[in-house]
Amino acid sequence: MKCPNCGNQVQEDAVFCDQCGTRLPRPEAATAVANASTTTQQPAAEQEQAAGQGIVPAQEGRCANCGTVNTPGEMFCGECGAPLAAPQPEPAAEVQAPAVPVAPAPSGASRTCPDCGATVAEGEEFCYACGAEMKAAAAASEAPAPAAESAAPAQPAEAAPPAEQPAPAAEAPAPEAPAARECPACGAEVNPGDAFCEFCGAALAAPQEAEAAPAQPTTAPAAAAPTPAAPVAAAQPPVQAPPAGPKLIASSGAEIPLAANKETVVGREDPYSGVFPDVDLSPHGGEEGGVSRRHFKITVSGGQYMIEDLNSTNYTLLNRNRLQPGMPSPLNDGDEIRAGRLKLVFKVR
Amino acid sequence: MADQLRLTTTLNKAYVPVTSTQQLIYALIEVIPNEIISATRMQVNFGFVLDHSGSMRGAKIERLKEAMALALSKMAPQDMVSVTIFNDNAQVIAKQAPLADQKGLADKIQGMRAGGGTQMSRGMSLGLREVYHSFNERYANQLLLLTDGQTYGDESQCLKLAKEAGEHKIPIQALGLGDDWNEDLLDEIGKLSTGGSDLVAAPDEIVPLFTQTVERSQKAVVRNAQMVLRLVSGVVPRQVWQVTPVIANLGYTPIAEQDIQTQLGELDAEQGKAILVELLLPQRRPGRYRIAQAQVTYDLPTEGITDASSRSDILVEYTTDAQQAKQYNPDIMNLIEKVTAFKLQTRALDEARMGNVAGATQKLRAAATRLLELGETDLAEAAQQEAENLEQSGQMSASGTKKLRYQTRKLTQKLPDLSE
């Protein structure tokens, strides 16, 4: 099972996390979760691997001495310390290519990673995304030519709040076509199917989810929209029409749009420690309000929004009830969220 | 790019089998100082805070005097030193000053008499003030605290002082002598002050431990070291262990989607530091992959260098060849086994404290088996003995607990035994 505090993989019967020392919940509560995801730790990694991973076969990593099932590759049983047999290659195993290509920095010559499809700069020995060795072979790049000189590379650090209907999307054909789209967090151009934004590292919506998303063609970039309020949106050069999706409303009245179909981490940007949440509350008084760098996250599944405190220092309150860290609670239209001292109202649209 | 430190990475196996599941791999990252750094020694700004309560009477205080004499002989004339003694009260018998100017210091130490109770916070408070008085970034600032008993009623004050010491960059090395001291308190003092704690099992051990503490402090040439691991997609960190100089669970902090950071603190000029990282690998097709990049940043106060860094790639080859997949690096396997013994022992003590006698007993027996396999008969016996104590009385002995707790950390200090 996973430690609810730090995400460390711990033994099923452990009482404390040996990573951070947190007292762990009783096993029966955690079993379901543990079965669902045997070994992954990060939510994004879970999504991306859920398909191929499956449950560890019973014999793989099973301790001959006490029967505990360990992670394949572990050298000693975590329970009784007995040496474990080495995992064997499975020639028959249908190993799928890592489905985790990440958008490249479109600078100079580049090649496509044969394993994951990410575009890798010429001269790089390994793919930065999946780690595959780049053979010095054909430099011919079949990667979709990075459309235009997007502002992306210039502002990797600027994690502006998601503006989820970027102009290019309007022209984009069907989602399965290999057309570029933008990172909802920083606006950088990314490839469809990318799991993470190359610039800000934000988790991107899975392609199929994108398909399901109601395609909301936006109006022409500048012209039309009167751009009410939203000083946040002003951080982004091409001003968008106010998004019609879910949003948070700050006490100043500013609207902070949220991505419609993905997990959104809300917090306070800290370039110094490299933390760039999807939504940065700094412009809304996040620092003074005691907002943690990763404060809470909003997820959606089957049309129901959920909010989960990410073990924030000053707690997350939902309608004045303090949330237990790591325990998602349903989030409904008009609910009041407090991150530290900062008050926000959640609106579905 | 700085070349004062070199990073090398070795995996427990260079080839991993292509499988349809996640699998674990161990990466040993060694941070090795170059020759110039190895020969560098820090000037020290050292404070001794010594318990002279009634229980120190006899061999303990006599050995302590010897230990002080020897420790001081390891210092240079310009090194700063002070001596504070405490029982119910505390007294600075030598104010912080260059060793060369400390007239009659030897006599003052010889004049120490055992008597009275134990109020550790008073000694810590005065001793810290002395070290802080001569604090110098370019020196190794350190407090050595020795006690043989429980302090009465001022534990929270001790912890507060330890925390302040950490904030002022004065690590405390807390040494507990004998069986009757509070290891939770001393461990916490060590941790909060970014120093450490250790057991002095018998009076005779005071002398070498004092000398070691002084020498270690002189060799703590690399400061504020931290390691960042940048993992590629799908690679998940599990645990980060320090394996040398002593075994410790360092933990990590995620700093970005695929990056984790670990504080390494001070590095020994000769020994550097070795880190064992457990990583969960995703499935991949056969071929060579760079699964992670390790980078260590550090300061070198003696050279006036800050924020230098060194890096290393972690490469692995996925193979379908069963023979290749069976090849292991025996040195790393030995280290993993030691960490396993440490882990089992730690969990056993935690569970015993929680009142889970059955779980603790089982873990202790498992630890005993590992220790025996490692050739650590002494420790294996201690673990076995404590398992029996637990079973019979539901309790472990103070001396056995301390021995396991402090000795298993040092399993890696001996040369790996590969003769078997």
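Colleague: What pLDDT does chain A average, and what share of the residues score at least 70?

Modeller: Good place to start, as this is a predicted model. Chain A averages a pLDDT of 64, and 47% of the residues score at least 70. Over residues 27-58 of chain A the pLDDT is below 50, and this stretch has 45 contacts in the model beyond near neighbours in sequence. Residues 137-180 of chain A also have a pLDDT below 50, with 100 contacts beyond near neighbours in sequence.

Colleague: Let's turn to chain B. At what angle do helix 10 and helix 11 of chain B pack?

Modeller: Helix 10 (residues 357-373) and helix 11 of chain B pack at about 165°, and their axes are 8 Å apart. Angles over 145 degrees count as roughly antiparallel, so helix 10 of chain B is roughly antiparallel to helix 11 of chain B. The crossing is left-handed.

Colleague: Which residues make the contact?

Modeller: First, the general idea: an α-helix has 3.6 residues a turn, so residues three or four places apart point the same way. In this case, helix 10 of chain B contributes residues including Val357(B), Ala360(B), Thr361(B), Leu364(B) and Ala368(B). Among those from helix 11 of chain B are Ala380(B), Ala383(B), Gln384(B), Ala387(B) and Leu390(B). By class, the contact has twelve nonpolar, three polar and three charged residues.

Colleague: And which residues of helix 12 of chain B are buried?

Modeller: In helix 12 (residues 398-407) of chain B, they are Gly400(B), Thr401(B), Lys402(B), Lys403(B), Leu404(B) and Gln407(B).

Colleague: What do the buried residues of helix 12 of chain B pack against?

Modeller: Their partners in chain B are helix 6 (183-192), strand 9 (196-200), helix 9 (330-354) and helix 11 (377-393).

Key. Residues numbered from 1 in each chain as written. Chains lettered and ligands numbered in written order. Predicted model: local features only at pLDDT ≥ 70, side-chain atom pairs only at ≥ 80, totals over all residues. Buried ≥ 20, exposed ≤ 12 C-beta atoms within 10 Å, placed from the backbone. Helix = DSSP H or I, 4+ residues; strand = E, 2+ residues; numbered from the N terminus. Contact = placed C-beta atoms within 7 Å. pLDDT = per-residue confidence, 0-100. Axes fitted to C-alpha atoms, helices over the stretch in contact; angles between N-to-C directions. Parallel < 35°, antiparallel > 145°, perpendicular 65-115°, else oblique. Left-handed = near helix turned anticlockwise from the far one by under 90°. Nonpolar A, V, L, I, M, F, W, Y, C, P; charged D, E, K, R; others polar.
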